[in-house]
Amino acid sequence: MKKIISLIASMTAICALSSCTIQQDNYSKRTVSVSGTGSVTLEADTATIILSVITKGADVAKTSEDNAKKMTAVQEAITNAGISKDCISTQNFSVYQETRYDQKTGRTIPEDYRVTNQIKILVKKIDKVSEVIDLALKSGANQLSSLNYGVTDTELAKKQARSLAISQAHESANLLAGASGSKLGKVLSISEHADYSYPKMRKFNAAMATADLALEESAVSTPISGGSSTVTVSIDAVYQLR
């Protein structure tokens, strides 16, 4: 009789434990998934300019020498304007012979050599961008490939954008929980997606910035506006409902 009573008690305990586990499983599945986005706008305080000196000629040595002289003049003009040498770096240097196809003979005809020296310039003061571009063109640069703007320090903006995103997600979760007759519990998971969007100026081509467009001493300075940069942080969060 004692054995039977003991067996019944054990079975009752197992059933009670199983019932508790099922309730916990159901409880853990009651969640709400939300998203939040926060954006902070900053004024751009740096600019990156990519420009080139391109020379052509029948003699490869003379063409390369001509290119070197012009690029030296460009870099000297830029450094004299206050740009540190550490902020000027070579992006690309190439020498090749151009060719054309002769339809009459069906042959490829060699033509002039083309030497390209491309540099990247980091300008840490936005108000000097126009001056740098003008000086480079006057000194021999004949291709301006791109001009991009950025922000030196975005850490504070990231933190602010992150806080805004989290607040938005929490507010959404509270609203959904209330609408479903539940209360909001703890955060079960959270993931972040950052997007740092900086203003970019359109790219230029050789026809838009050639030696023919080199500025005269009396010419008006190139108008440049830096604009603003946006730091955006998005999050996905899963909250427990109770």
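This is a predicted model: local features need pLDDT of at least 70, side-chain atom pairs count only at pLDDT 80 or more; totals for chains, interfaces and linings use all residues.
Visitor: Which side chain does Glu-131 meet in a salt bridge?

Guide: A salt bridge is a side-chain nitrogen of Lys or Arg within 4 Å of a carboxyl oxygen of Asp or Glu. Here the side chain of Glu-131 meets that of Lys-128, at 3.2 Å from N to O.

Visitor: How many salt bridges are found in the whole structure?

Guide: The search finds eight of them. One joins the side chains of Lys-70 and Asp-66 at 3.8 Å, N to O, and both residues lie in helix 2, four residues apart, which is about one turn of the helix. Helices (H or I, at least four residues) and strands (E, at least two) are DSSP runs, numbered from the N terminus. Lys-70 is partly exposed, because its relative accessible area is 31%, and Asp-66 also counts as partly exposed, at 29% relative accessibility.

Visitor: Which parts of the chain does the pair of Arg-100 and Glu-111 link?

Guide: The side chains of Arg-100 and Glu-111 meet in a salt bridge of 2.8 Å, N to O. This pair links distant parts of the chain, with Arg-100 in strand 3 (residues 88-102) and Glu-111 in strand 4 (residues 107-123), eleven residues apart. Arg-100 counts as partly exposed because its relative accessibility is 39%, and Glu-111 is partly exposed at 34%. Salt bridges can also be joined into a network, as they are for Lys-56, Glu-98 and Arg-114.

Visitor: Which side chain of opposite charge is nearest to Asp-102?

Guide: For charge, Lys and Arg count as positive and Asp and Glu as negative, while His and the chain ends are not counted. Asp-102, which is found in strand 3, is buried yet has no salt bridge, and the nearest side chain of opposite charge is that of Arg-100, 4.5 Å away. A contact means heavy atoms within 4.5 Å; leaving aside residues up to four places away in sequence, Asp-102 touches Arg-107 and Ile-109.

Visitor: Why are nonpolar side chains often found together?

Guide: In soluble globular proteins, nonpolar side chains tend to be buried together. A nonpolar core is a set of buried Ala, Val, Leu, Ile, Met, Phe, Trp, Tyr and Cys residues joined through side-chain atoms within 4.5 Å. The largest such core here has 23 residues, of which Ile-49, Leu-51, Val-74 and Ile-121 touch the most other members. Strand 2, helix 2, strand 4, helix 3 and strand 5 each supply at least two residues of this core, and helix 3 gives the most, with five residues. Apart from this core lies another, of 16 residues, among them Val-32, Val-34, Val-231 and Leu-241.

Visitor: What are the totals for helices, strands and buried residues in the protein?

Guide: The secondary structure comes to four helices and eight strands, which run α-β-β-α-β-β-α-β-α-β-β-β from the N terminus on. Of the 242 residues of the protein, 33% count as buried. Among contacts with a separation of 6 or more, residues 24 or more positions apart account for 84%.

Technical notes
Residues are numbered from 1 along each chain as its sequence is written. Side-chain values use heavy atoms; hydrogens and water are left out. Buried means under 20% relative accessible area, exposed over 50%, partly exposed in between (1.4 Å probe, protein chains only).
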